[in-house]
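Hi,

Here is the structure I promised to pass on.

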Amino acid sequence: MHVATSSEFKRNAHQALDDPGLQKALARSGTAFIARRAAAAAALPEFEQLRDEARAIKDHTLAHLDFYLEAFAAKVEAAGGTVHWCADAEAARATVLQICQSVGARTVTKGKSMISEELAINDHLEKHGITPVETDLGEYILQIRHEAPSHIIAPAFHLNREDWEASFRAVHTDLPAERVFHERRDILTEARSRLRAKFLAADVGITGANFLVAETGSSVIVTNEGNGDLTQTLPKVHIALASIEKVVPTLEDCVSLLRVLARSATGQEFSVYTTFSTGARRPGDLDGPQEYHVVLVDNGRSGMLGSEFQPMLRCIRCAACMNHCPVYGAVGGHAYGWVYPGPMGSVLTPALIGVDQAGLLPGASTFCGKCESVCPVRIPLPGLMRHWREREFERHLTPVGQRRNLALWAFLARRPALYRTLTRLAARSLKILAGRRGRLSRVPMAGGWTAGRDLPAPEGETFFARYARAQRQGRSA
Amino acid sequence: MSKETVLASIRRGLRRGPLPADQAMALRARLAAHPRHPIPARSRLDHAGQVALFVANVEREFGTVARVEDVAAVPGAVADYLAAQNLPGQFVIAPHPELREIDWSSRPLLRLREGRAEGTDAVAIQHGFAGIAETGTLMLPSAPERPTTLNLLAEAAIVVLKADRIVGAYEEAWDLLRAEIGGMPRNVMLVTGPSRSADIEQALELGAHGPRRLHIVLVGD
């Protein structure tokens, strides 16, 4: 996914609202994650305390990020692995390609990795004649369909069962066309047997990393399918792609974060496979990769350190924020136009690709605060979105109409007498316009709002007038 | 070169140079001491309570557990499980000294091969290093006698675990690992139930790319 369409958020959102397949998927899955997380949190009395611990661990690590990355790298090298430090996406892509080419790789299996999406690794490998194979079930179908993930832990969130069947029929043409998919399990079974051969044939396996552990030099992946483990165990070479803020100091720090990760994400107490990889195959080992590489990627993170956006680097990618977001729930992930959707994307995307491109995303929030209330590392997401709105305004990136309206409002708000006169006039006229219905189906300059609902008309009196009257009555009573 | 670029950029953000020696020493001490954070109370039980919690959590996560008195009863438990699941009586088993003590001759129909798993193996038997009661999680560190592929490639993964290897929390399993193995093994898997996916319409289906079944033969008490 190279080209960001975040600047087209409004158009994207309109399209999403008019997409019946997407709306069906969103309606089906919308509440499931919320209920599961709530149940998991309720089943662990210490959950809130663990969230505080998780935040503290991440804050401590970020304040000493240079130290912990160097400690991590030294441990990886002591275990026979190699660490590649990459300042930007281009360097990371070149590094991955160079490792693949060094072993003459033809096919590369991949575990689910958002940093890989961010770096557009697949396109780069393909351009150089290497075939990447996504092995996470959700990523696999998206690769078939040439689509991007719409959710950071459930990439095919936007698809319905019929989409899966159609795509499998279109691509797995060697299987009988008349086969029937009685249930979801049949789709899963077909993917499993398809990918089994790919796992065994791949020359290189690329995974992401949920955490890097400085104490041991380990990269950690968390999955339910087992695809990430097959990806990092079977090929000759394992490449772990990780952004620099994934490092944590110790195994104890790591399990404390793991206690809040799965519960916040899928509502599981623990994911099925949590795997710590440390270096390459050891003497006497019967399996495991012969080479182990960690590609450490900055790509904009260090620029967030020391800024008001540093707390965003605490993010452990659980997706609770988007699962609970009314905006995400209405338009899905693709509308956000780049790799990271939902509230965490609305904060992270402007930092990584620029507020000039992604300035609309921090605006795509009702500021209901649900995201912050469920974030396992307590990132103040609405507050950070507000910072972006301010920056966007300061840099004169806000659309002219919006700026003019804000300026007009500011002019009036600083002149109370004029403000009260105008609001009194407006309240009266709206009441007259509404007539006996008491509702307005059309309001000048608010067509977008009234297209979907009526505006209840004011009762003819402003808040100020009413408040003043209540005060007077209160005093006389 | 790019290492220096990345580190310089981080330090610019943090508005400081490399950490002063005393601060670096304090952080090295923290790494060496690896202090624990609060451990949830649920696993603070006596050993019998932890074993019961472990079994309950494994079953909640769609794993199965057969409890046997001693190692001599393992072949019978394995044979019964394979028959009940309609699985072949042929398996690949970890070349672990404790598993080598098992006398399979009581079940002459079982065929076994020692080593790593291949794509064609239907059943694999692994040696369990530890069980974690908190969430019903197995700790399976790689070693020549405990190949990682045994955890992944077969349709049915069977793990032989001694009940006295069950601890309460993850932290206690790490301490066992540090005490008995020393350095970090190449691969440490924490496994909680059989493979699954909810990628199709967010509905849970068991048996994605890893084993469709996870069965634990729990020895002793």
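In what sense do strand β9 of chain A and β9(B) pair, and over how many bridges? Before the answer, one caution: this is a predicted model. The pairing is antiparallel, and five bridges connect β9(A), residues 273–277, with β9(B).

On the chain B side, 61 residues are in contact with 74 residues of chain A. The elements of chain B that give two or more residues to this side are α1 (2–14), α2 (21–33), α6 (170–180), β9 (187–191) and β10 (196–197). Of these, α1(B) gives the most, with 10 residues. By residue type, the side of chain B that touches chain A splits into 27 nonpolar, 22 polar and 12 charged.

Next, the sheet in chain A. Six strands form an open sheet with parallel pairing, in the order β1-β10-β7-β4-β2-β3. Which strands stand at the edges? Those are β1 (82–86) and β3 (131–134) of chain A; each has a single partner strand, so one side of each is left without a neighbour in the sheet. Going from one strand to the next, the twist averages 20°. For a look inside the sheet, take strand β4 (residues 204–207) and strand β7 (residues 237–243) of chain A: they run parallel and are joined by four bridges. There, A:Val204 stands opposite A:Val237 in β7(A).

Last, a helix pair in chain A. Helix α4 (residues 47–63) and helix α13 (residues 251–265) of chain A pack with their axes 9 Å apart, at an angle of about 125°. α4(A) and α13(A) are therefore oblique to each other, and their crossing is left-handed. Which residues make the contact? From α4(A) come A:Phe47, A:Leu50, A:Arg51, A:Glu53, A:Ala54 and A:Ile57. From α13(A) come A:Asp253, A:Ser256, A:Leu257, A:Arg259, A:Val260 and A:Arg263. Taken together, the residues of the contact of α4(A) with α13(A) are six nonpolar, one polar and five charged.

That's what I have for now.

Cheers

Definitions and conventions:
Residues numbered from 1 in each chain as written. Chains lettered and ligands numbered in written order. Predicted model: local features only at pLDDT ≥ 70, side-chain atom pairs only at ≥ 80, totals over all residues. Axes fitted to C-alpha atoms, helices over the stretch in contact; angles between N-to-C directions. Parallel < 35°, antiparallel > 145°, perpendicular 65-115°, else oblique. Left-handed = near helix turned anticlockwise from the far one by under 90°. Contact = placed C-beta atoms within 7 Å. Nonpolar A, V, L, I, M, F, W, Y, C, P; charged D, E, K, R; others polar. Pairing = 2+ DSSP bridges.
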